Amino acid sequence: MTPAEALARLRLARTDGIGPMTFRRLLERCRTAEAALEALPALSARRAMPFRPPAAAAVVAREMEEVDGMGGRFLFWGEEGYPPLLALLDDPPIALAVIGDAGLLLARQAAVVGARNASTLGRRLAGELAESLAAAGLVVTSGLARGIDGAAHLGALRIGPTVAVIPGGLDRAYPPEHTELQSVIAERGAVVAEAPLGTAPIARHFPRRNRIIAGLSLGVVVVEAALRSGTLMTANLALEAGREVFAVPGSPLDPRCAGSNDLLRQGAHLTERAADVLEHLPTAPRVAPPVRRAAPGPMPAALAPLGTLPQAADQLLDLIGSSPVTVDELVRACHLSSAAVQAALLELELDGRVETLPGNRVVRSGLR
């Protein structure tokens with residue numbers, strides 16, 4: 001990837017309103033991020049809700065220079081070196097900033113996560129599990145939070161490297177008391193962030209951090225988690241991505257264990273020692289996500305010129321309403337080729353008239 005293309009990709013990643021799905025659609029339509037930036041004004045003119053102005057090139061270039069000065073680098077979706085398991089998600093990050101050994105993101109990983117207000121025994125068990133998993137050759141991944149996450153990182157570091165996924169920018173240690181731990185992980189493992197430098201970790205960033213933890217890992221081990229906690233969100237995201245979920249049983253009298261015990265009722269692997277994880281950890285995701293897109297290839301022959309809609313567009317819009325419908329159903333209903341339907345849907349999505357949902361489904365924009 002050329003420096004100019006890397007800069008263009010990061011500009012799109014830092015542009016409000018352009019998320020992972022829209023980014024991939026733009027690359028499918030325009031082939032490169034540089035071309036997508038040039039096409040944005042014309043695409044915006046066709047939309048009821050225009051795209052926001054792209055992030056300034058000077059600002060993004062300065063961020064790239066600062067990350068490089070910190071000894072870090074960016075990984076972009078679609079390029080060699082991007083974590084393949086993470087790329088299987090429906091909404092993989094467009095860009096990841098990494099300090100440390102980015103190659104660890106390609107290794108077999110198991111996440112160990114849990115409560116921030118963890119018990120002493122919970123922290124001890126998390127550390128022992130992480131140490132044993134690391135000794136078995138796995139990279140232990142967690143979120144660098146207080147409690148279970150911090151204990152898991154420390155346990156793994158007794159044997160080897162660990163990966164920390166943080167909710168803010170690479171220059172914002174969270175919580176503050178883990179500043180030194182984050183520095184150690186950057187030296188001996190890898191610290192990963194999706195948010196730009198300077199971003200403070202706020203509540204809405206944690207779900208995005210959690211999906212990265214789940215997406216990098218073949219399995220997620222939960223040690224103490226309350227009901228409706230961020231830890232359970234990570235476990236649910238792992239299940240949606242076809243990853244294995246493991247849970248350590250806890251006392252029914254301890255609310256910190258209510259969520260992890262509920263995972264066991266739902267079929268999570270009961271976990272008391274690392275051997276319980278190693279026995280069930282697969283070499284690949286158990287169930288592939290419903291939508292997987294590779295890096296952009298040659299432009300499909302059926303793709304319409306910019307500024308026009310395929311003739312199939314009106315016909316498809318008549319078939320798409322407020323309830324999601326699968327692309328396969330649309331192909332059967334309209335008697336068009338799959339390539340023609342895909343080309344029309346791409347144009348309609350960039351036009352802001354339909355939305356693509358997980359499961360290869362589409363829905364009319366603004367009707368849900």
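Four bridges join strand E5 (residues 162-166) to strand E6 (residues 190-193), and the two run parallel. This pairing belongs to an open sheet of nine strands with mixed pairing. The model is a predicted one.

**The nine-stranded sheet**

- The strand order is E1-E2-E6-E5-E4-E3-E7-E8-E9.
- Strand E1 (72-76) and strand E9 (269-270) stand at the edges. Each has a single partner strand, so one side of each lacks a neighbour in the sheet.
- Strands of a sheet pair through backbone hydrogen bonds, in either the parallel or the antiparallel sense.

**Strand E5 and its neighbours**

- Val-140 has Thr-162 in E5 as its bridge partner.
- E5 is mostly covered, with five of its five residues buried.
- Thr-162, Ala-164 and Ile-166 point one way from E5. Val-163 and Val-165 point the other way. All of these residues are buried.
- In a regular strand, side chains alternate between the two faces of the sheet.

- Strand E3 (residues 109-114) runs parallel to E7, joined by five bridges.
- Val-221 in E7 is the bridge partner of Val-112.
- Strand E8 (residues 244-247) is also parallel to E7, with four bridges between them.
- Gly-219 stands opposite Glu-244 in E8.

- E10 pairs with strand E12 (residues 361-364) over two bridges, in the antiparallel sense.
- Thr-326 stands opposite Arg-361 in E12.

**Salt bridges within helices**

- Glu-5 forms one of them with Arg-9, with the closest N and O atoms 3.0 Å apart.
- Both residues of this pair, Glu-5 and Arg-9, lie in helix H1 (residues 3-13). They are four residues apart, about one turn of the helix.
- Glu-5 and Arg-9 are both buried.
- Arg-265 forms a salt bridge with Asp-262, the closest N and O atoms being 3.4 Å apart.
- Arg-265 and Asp-262 both sit in helix H11 (residues 258-265), three residues apart, about one turn of the helix.
- Arg-265 is exposed, because its relative accessible area of 64% is over the 50% cut-off.
- Asp-262 counts as partly exposed, at 23% relative accessibility.

- The side chains of Asp-91 and Arg-211 meet in a salt bridge (3.4 Å, N to O).
- This pair links distant parts of the chain, 120 residues apart.
- Asp-91 is in the loop between helix H5 (84-87) and strand E2 (95-100). Arg-211 is in helix H9 (residues 206-216).
- Asp-91 is partly exposed, with a relative accessible area of 29%.
- Arg-211 has a relative accessible area of 5%, so it falls under the 20% cut-off and counts as buried.
- Both residues belong to a network of salt bridges that links Asp-91, Glu-194, Arg-208 and Arg-211.

- Asp-68 is exposed, because its relative accessible area of 55% is over the 50% cut-off.

Notes
Residues numbered from 1 in each chain as written. Predicted model: local features only at pLDDT ≥ 70, side-chain atom pairs only at ≥ 80, totals over all residues. Heavy atoms only, no water. Buried < 20%, exposed > 50% of the residue type's maximum accessible area, 1.4 Å probe, protein only. Pairing = 2+ DSSP bridges. Salt bridge = Lys/Arg side-chain N within 4 Å of Asp/Glu carboxyl O.
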